[in-house]
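Dear colleague,

Please find below the structure that I am handing over to you, together with its sequence. My notes on it follow.

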Amino acid sequence: MESRRDRFRSLIKDKKLIDSTLAVIHWDLETEAPKEGQKLLSEMIGYLSLKSYEIATSSEFLELLEFLKKNENLLTISEKKEIEELLEESEKLKKIPALEYKEYSELTAKAQGIWAEAREKNDFSIFENSLDKIFDFNKKFIKYRGKLENPYDMILDDYEKGMTTEKLDIFFNSLKAEIVPLLKQIKEKNKDFSSVINGKVDKENQKKISNELAKYLGFDFNRGIISESAHPFTLTVNKDDVRITTRYIEELPFSSIFSTIHETGHAIYEQGISDDLKETILADGTSMAIHESQSRFYENIVGRSKEFWIKIYENLKNKYKFLEKISIEDFYKGINSVQPSLIRVEADELTYSLHIMVRYEIEKGIFNGEYEVKDLPKIWNEKMKEYLGVEPKNDGEGVLQDVHWSCGLIGYFPSYALGNAYSAQIYNKMKKDLNVEKILISGDMEKIKHWLHEKIHQYGKLKTPKELVEEITGEDLNPKYYIEYLKEKYSKIYEL
């Protein structure tokens with residue numbers, strides 16, 4: 001038994017070393033790699049992805065998994081969970097031909113550079129062929145794994161266990177039923193508070209604020225860094241090397257602030273995973289939606305609260321000079337101004353989930369044969385006008401604004417909206433345990449981080465989203481807390 005367990009751990013270590021190397025290459029590819037060097041990096045990604053695939057699908061590895069499964073009474077709790085996760089993952093992977101897996105890994109690595117060029121030139125046609133291939137590969141992989149009545153459900157389940165289009169339709173319809181009328185009421189008020197935060201701030205001052213905010217929230221710079229990219233993201237090599245990016249736009253200085261706070265939420269989650277899980281495949285967030293609950297909690301519930309800024313507002317005004325004569329009350333309204341926008345990452349908290357609905361309906365439409373990739377710019381624009389009342393002038397501020405599809409992250413977008421709902425539900429419980437307002441005013445952010453570590457972060461993938469949320473809140477996902485939070489907050493701001 002011990003010799004087989006040791007061999008299993010050795011193979012897991014090999015796989016984790018390969019996956020960590022892949023993470024570093026992806027980081028380089030998406031941040032500082034020269035354009036002409038992207039081809040080789042993409043080939044390296046394809047090569048290493050195949051090596052990771054070969055370990056996970058080898059007969060030796062699968063035999064070890066089956067043996068350990070049969071002797072699970074001798075395994076620790078984390079080992080049992082690890083075997084369960086690996087058996088499921090290997091079952092998926094071994095149905096995909098190795099060369100196709102390698103080809104797809106190379107495709108998505110190259111597609112990110114192609115997307116960036118298309119976005120820069122506002123020309124979807126540059127990216128269209130790559131995106132078409134990415135969706136085709138995903139459709140093929142679903143067939144290999146076993147056709148479902150609704151193929152898109154299989155992809156949704158990969159990101160959020162048990163999630164289906166049926167459940168998401170109900171979820172989004174409940175949000176739509178409450179958010180759209182509330183948005184209409186706010187529009188009728190005809191008040192735009194955003195002008196107070198419209199100013200120009202040089203890149204260096206934005207960088208200083210980003211670093212200060214990340215540290216203030218609890219990001220450990222001994223185990224992480226902040227860099228720049230076209231689209232902000234968080235990448236984990238392991239819990240001791242967590243990297244985040246933001247982007248600095250001089251005319252939109254709060255873009256970097258809220259993207260930094262958002263990504264710091266992701267990073268704090270990763271850095272907080274228990275050391276006991278470090279050498280296992282469980283050292284990761286339990287699902288994309290739970291991960292998003294942490295980033296959206298920090299970005300919105302913390303970062304857009306007035307209490308959070310009370311202690312640090314003077315420091316912000318020193319670097320963002322145009323705020324010098326703006327009261328904190330007006331500042332608070334400014335960062336919470338509701339104004340339907342074109343860009344998801346710049347969207348206000350209230351309308352954000354409507355942006356997700358656009359992407360969800362497009363993905364669902366492609367998989368059920370309703371839409372074709374070549375028509376996406378037109379479909380995108382129509383849905384933006386229908387849900388948000390705004391229409392993109394070009395592809396860059398429309399269908400090309402997100403990096404996700406170029407990375408192969410099909411089915412990821414619903415996690416953002418689910419994360420919003422989880423964050424409000426978790427916050428509802430946190431308020432019963434902690435005096436959150438008092439903590440934010442005092443600046444003792446460690447107390448909030450510690451609560452989240454104890455309830456969520458330390459467990460990594462050891463517990464499912466359902467188990468975590470039920471243990472914390474006593475019930476499964478319930479969007480009513482998110483809806484109540486939005487209605488209470490924005491009714492006060494707009495005096496409805």
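This is a predicted model: local features need pLDDT of at least 70, side-chain atom pairs count only at pLDDT 80 or more; totals for chains, interfaces and linings use all residues.

In which segment does Glu495 lie? Glu495 belongs to the segment after H21, where helices and strands are DSSP runs numbered from the N terminus (helices H or I with at least four residues, strands E with at least two).

Residues are numbered from 1 along each chain as its sequence is written, and side-chain values use heavy atoms, with hydrogens and water left out.

Most residues other than glycine have a negative phi. Glu495 has a positive phi, near 50 degrees, although it is a residue other than glycine. Glu495 is exposed, with a relative accessible area of 53%; here buried means under 20% relative accessible area, exposed over 50%, and partly exposed in between (1.4 Å probe, protein chains only). Asn122, in the loop between H5 and H6, also is not a glycine and has a positive phi of about 55 degrees. With a relative accessible area of 35%, Asn122 is partly exposed.

Helix H6 comprises 21 residues (125-145), which at 1.5 Å a residue should span 30 Å; the end C-alpha atoms are 31 Å apart, which agrees. The expected span is 1.5 Å times one less than the number of residues. The buried residues of H6 include Phe127, Leu131, Ile134, Phe141 and Arg145. Seen down the axis, the buried residues of H6 fall within an arc of 155 degrees, so they line one face of the helix; the arc is that of the directions from the helix axis to the C-beta atoms. Their cover includes helices H4 (77-93), H5 (98-121), H7 (151-159), H15 (352-367) and H16 (376-388). H6 is followed by Gly146, whose phi is positive, near 120 degrees.

The axes of H5 and H6 come within 8 Å and cross at roughly 150 degrees. This makes H5 roughly antiparallel to H6. Angles under 35 degrees count as roughly parallel, over 145 as roughly antiparallel, 65 to 115 as roughly perpendicular and the rest as oblique. The axes are lines fitted to C-alpha atoms, for helices over the stretch in contact, and the angles run from 0 to 180 degrees between N-to-C directions. H5 passes H6 in a left-handed crossing, meaning that the near helix is turned anticlockwise from the far one by less than a right angle, whereas clockwise would be right-handed.

Phe137 of H6 is buried, at a relative accessible area of 7%. Leaving aside neighbours within four places in sequence, Phe137 is in contact (heavy atoms within 4.5 Å) with Glu100, Glu103, Tyr104 and Leu107.

Helix H3

The 12 residues of H3 (59-70) should span 16 Å at 1.5 Å a residue, and the end C-alpha atoms are 16 Å apart, which agrees. Phe61, Leu62, Leu64, Leu65 and Leu68 are the buried residues of H3. They cover an arc of only 160 degrees around the axis, which puts them on the same side of H3. On the other side of H3, Ser59, Glu63 and Lys70 are exposed. The buried residues of H3 are covered by elements including helix H1 (2-31), helix H2 (38-57) and H4.

The axes of H10 (253-271) and H11 (288-302) come within 7 Å and cross at roughly 135 degrees. H10 is therefore oblique to H11. Their crossing is right-handed. Among the residues that make this contact are Ile268 of H10 and Tyr298 of H11. Lys449, placed in helix H19 (445-455), counts as buried at 13% relative accessibility. Beyond neighbours within four places in sequence, Lys449 is in contact with Leu217, Gly218, Ile268 and Tyr298.

Pro479 is found in the loop between H20 (465-473) and H21 (480-493). Pro479 is buried, with a relative accessible area of 18%. Its contacts, leaving aside neighbours within four places in sequence, are Phe171, Ser174, Leu175 and Ala421.

Yours sincerely
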